[in-house]
Amino acid sequence: MAQPVPAFSTAGFFAVGSSPRTVQNFGPGWRFLKANVPGAEAPAFDDSAWEAANLPHGLEILGENLSGGRNYQGPAWYRKRFDAAPAGGKVFLYFEAVMGKSTVWVNGRKLAQNFGGYLPFVVDATPVLRADGKGNVVAVLADNSNDPSYPPGKPQNNLDFTYLGGIYREVYLIRTPELHVTFPELSPTPAGGGVFVGVKDVNGTSADLEVRTEVANTSKAAKKIGVRTILETADGTRVLQDEAAAELPAGATRQFTQQLAPKNVRLWHPDDPCLHFIRTEIVENGKIIDSLKTRFGIRLFEMRGPEGLFVNKQYYSAKLSGVNRHQDYAYIGNALPKSGQWRDAKLLREGGSNVVRAAHYPMAPAFYDACDELGLLVTTANPGWQFFNFKDPLFGPRLYADTRALVRRDRNHPSMLLWETALNETPDQPADALKEMNRIANEEYPFPGFYTVADGDEARKGGFNFHYHGTDPKINSLTREYGDGGEVDGFYTQNASTRVKREWGEAPLLIQAIIRAQNLSGIYGTGKSRLGATLWCGIDHQRGYHPDPFWGGILDSARVPRYSYYLFKSQYAPDYKVPGIQTGPMVKIAHELTQVSGPDVIVYSNCEEVRLTWLGKVVATQKPDTGYKALPHPPVTFKNVFDYGVIKKDYRDWKNVPEMIAEGLIGGQVVTREVRRYPQRTTGIAVTIDDVGVGLSADGADFVPVRASVVDNKGVLKVLGSESVYFEVEGPGEIIDSPAARNNPARTEFGTATVLLRATTQPGIIKVKAYAKGLKSGEAVLTSVAPAQPLAYDAAYTAASKAPAQGSTVVIQANDQGGADVKKLKEDLQRLQLELTGKQQELMELRSTRGK
């Protein structure tokens, strides 16, 4: 059975099925060249030698380590053929983001140039489309080279993150009538474009809302129109509506303002993230001409200084505890599809975070969509880090344009708590620049509950109303980063006991988690004016200035948890509930029961007591450890429990496999338990689809992580198992790989290997098999589903495209399984590949031995 795929916004709105406005996924069916060639914008240009690409696309598939300048920086071309007729309406191309500077041509006409890699832009293709709508050509030149003329501006080799390139977020083809609701990206009106829902006040279950709707009449005749604004619940139940009427002259644009005062409504709250929609209908002569839905939450944030944070006029007593997040992912760089964005948000929310700080740019819209639905408070940020260009007169205006764009894009997200409208860690940015960013941001969001933030000194210079690392108890603050800097031995070396790869094993992972517990305990004892803190960093990420990635996350770059993830997760109260995530009483044993494991056993739990049983005997029933200040749920440490010598002596016959049982007790009653078994002989491979409950969409770009774990004869994970695992796919999907990455076969890390399984454009059943020489193979089955939006691509052009090099990342049609002969050939090929891998490993061993 297929997992459900969440609903995502497109260009800031949700499509209405019966609307004349249509949305298509413009991601499949591109061609791509990682170089610059003259004349590639021309429709007749010969791109037959270019590789196929589906969007989101990150220029290249590399290995696990993309840091230290290993990624490509430079120009890259994308081209695509598509059908779209201009008759009777408008055709727009909406780019969520293209890394660096980009230029867009349609049918040889230059229509747009954009500077900056993190915010959307819109191209009106209507004037240049072919009259019959057939065979249009779009060409995009994307360049992620260092360029100090626009933010972030800092050279990648001096940057704490990377300019991983490409058209790496979603692209949509949107058709509207000539009379239509506008795009915020194209509007010259402050706080204008599209639909903006402002919450003016809330009282109990009542609210005062202001809805601003901008409508354009691009026809050649005046129109008498109605703007119908309907408040709906998430399930489509109509709450109330208002309608405004006006005559809109030919070629005119107007913003309509309507007031709504709903009663007896559920408000949005981090612990109860209830969402509503504004359904907008543009009506002419009783007929709906344009329609769309805008999702928002009825909520009001208030920062009351020494009294703390208030949500909907009620004190929010929970400390904000969360992480910073960079957007990159193992192997694919920044090209994380919508499902991956959602999985990140869900993993972090389930893992104990109630806030995420955007580092150091706006996150993808799909990530914020997930945060709205999961009650995960977030920030957004002007792109930048430790850089302001005083010399280039273009830098300032482009920075201010970013400020305006990020507010317009994210203004309807109820999860948006703070707006980082300053350049991060840039104390030399001028006061007038800070003030201008603050002025623009407030102009774009003229409603209560809007808070701009920067470090204390910069915030004071710019007049911001919230501080990072603030010291004034009258102004609320947040510790934006903690838990890493004090552990680093130096900027050049960048070693730290909190930065550990999972493959280094149990002891380093425990050291990181112990330090994280000490760090985490410090955020809970602060006063009400200090709302909380965000860990640096929640997920491993690539870096420009150093050859090592950042390895200090509670999740690694493939989103596999470290022990510290469960430390954070255990801070939720056992009775805490939020729709959409798994919470409740928990115990997690941070011990692997191996021949190199230590004697102490640490258990992460949110229960009152933990009872530990080992080798059939109760070791002890203990309360959480002391010495952690105000930490809600400290670890529980059982001293001198595990002794490998005892196992070696008393359990040699393996008739009774040693078990460790941790039981969580509340009120003296067992409410949860975990059983860990001693791992025996390495026997096989177990395969799991780690989709976090989010389905796989057959859009040609969506992917899901697949884990292959080394297990014993009872299915127990062998964390010390070191194997090279080969993956094989049957059905409409494939492993993301390339000659540079060589991800398949994949090497296990702490007993588990990860590959990324990408869907084709054909939905269906996909079987993934995993092999390691000498072990029993494993397999898992999943089903990809048809995408929410129809796919816009030229089938013939796509079919004729050149497949990427070995380990291709694009397949448009389902794999042809053929008959028994084909299956036998595939089995033989697989066996030979495995044997070749073994010979290569033997050769490497020989070379290593001879080199000693």
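Trainee: Which residue in E14 does valine 181 stand opposite?

Mentor: Valine 181 stands opposite valine 215 in E14. Keep in mind as we go that this is a predicted model.

Trainee: What makes strand E12 and E14 a pair?

Mentor: Two strands pair if there are at least two bridges between them. Strand E12 (residues 179–181) is joined to E14 by 3 bridges, so the pair qualifies. The two strands run antiparallel.

Trainee: How many bridges join strand E13 to E14?

Mentor: There are 8 bridges between strand E13 (residues 195–203) and E14, again with the strands running antiparallel. One place to look is glycine 198, whose bridge partner in E14 is glutamate 210. E13 and E14 also form a hairpin, with 2 residues between them. In that turn, glycine 204 has a positive phi of about 65°.

Trainee: Which residue of E17 is the bridge partner of arginine 212?

Mentor: The partner of arginine 212 is threonine 257 in E17. Strand E17 (residues 253–260) and E14 are joined by 8 bridges and run antiparallel. What holds such strands together in general is that strands of a sheet pair through backbone hydrogen bonds.

Trainee: Why is strand E14 called largely enclosed?

Mentor: A residue is buried when its relative accessible area is under 20%. In strand E14 (residues 206–217), 10 of the 12 residues are buried, so the strand is largely enclosed by the rest of the structure.

Trainee: Let's move to a loop. Why does glutamine 156 count as buried?

Mentor: Set its value against the cut-off: glutamine 156 has 2% relative accessibility, and buried means under 20%. Glutamine 156 therefore counts as buried. You will find this residue in the loop between strand E10 (136–143) and strand E11 (171–177).

Trainee: What makes the link between the side chains of glutamine 156 and glutamine 73 a polar contact?

Mentor: The distance is one part of the test: the N or O atoms must be within 3.5 Å. Here the two side chains are at 3.3 Å, so they pass that cut-off, and the pair is listed as a polar contact. Glutamine 156 also touches residues beyond four places away in sequence, including Gly69, Asn146, Phe161, Gly544 and Tyr545.

Trainee: How do you know that threonine 162 is buried?

Mentor: Its relative accessible area is 4%. The cut-off is under 20%, so threonine 162 is buried. Threonine 162 also lies in the loop between E10 and E11. Leaving aside neighbours within four places in sequence, its contacts are Gln156, Asn334, Gln542, Arg543 and Gly544.

Trainee: Why are E22 and E24 called edge strands?

Mentor: The sheet is an open one of 3 strands in the order E22-E23-E24, with antiparallel pairing. Strand E22 (301–303) and strand E24 (314–315) each pair on one side only, and they are the edge strands. E22 is joined to strand E23 (residues 309–311) by 3 bridges, and phenylalanine 301 stands opposite valine 311 in E23.

Trainee: One last stop. How much space lies in the second largest pocket, and which residues are closest to its centre?

Mentor: The second largest pocket holds about 620 Å³ of space. Of its 24 lining residues, Arg502, Val560, Pro561, Tyr566 and Leu717 are the closest to the centre. Elements giving two or more residues to the lining include helix H7 (563–569) and strand E33 (587–590). E42 gives the most, with 3 residues.

Notes: Residues numbered from 1 in each chain as written. Predicted model: local features only at pLDDT ≥ 70, side-chain atom pairs only at ≥ 80, totals over all residues. Heavy atoms only, no water. Helix = DSSP H or I, 4+ residues; strand = E, 2+ residues; numbered from the N terminus. Buried < 20%, exposed > 50% of the residue type's maximum accessible area, 1.4 Å probe, protein only. Polar contact = N/O pair within 3.5 Å; in protein donor to acceptor, adjacent residues only side chain to side chain. Contact = heavy atoms within 4.5 Å. 1 Å grid on protein atoms, 1.4 Å probe; cavity = no way out; pocket = protein on both sides within 12 Å on 5 of 7 lines; lining within 4 Å. Points joined across faces, edges and corners; volume = space filled by probe spheres on them.
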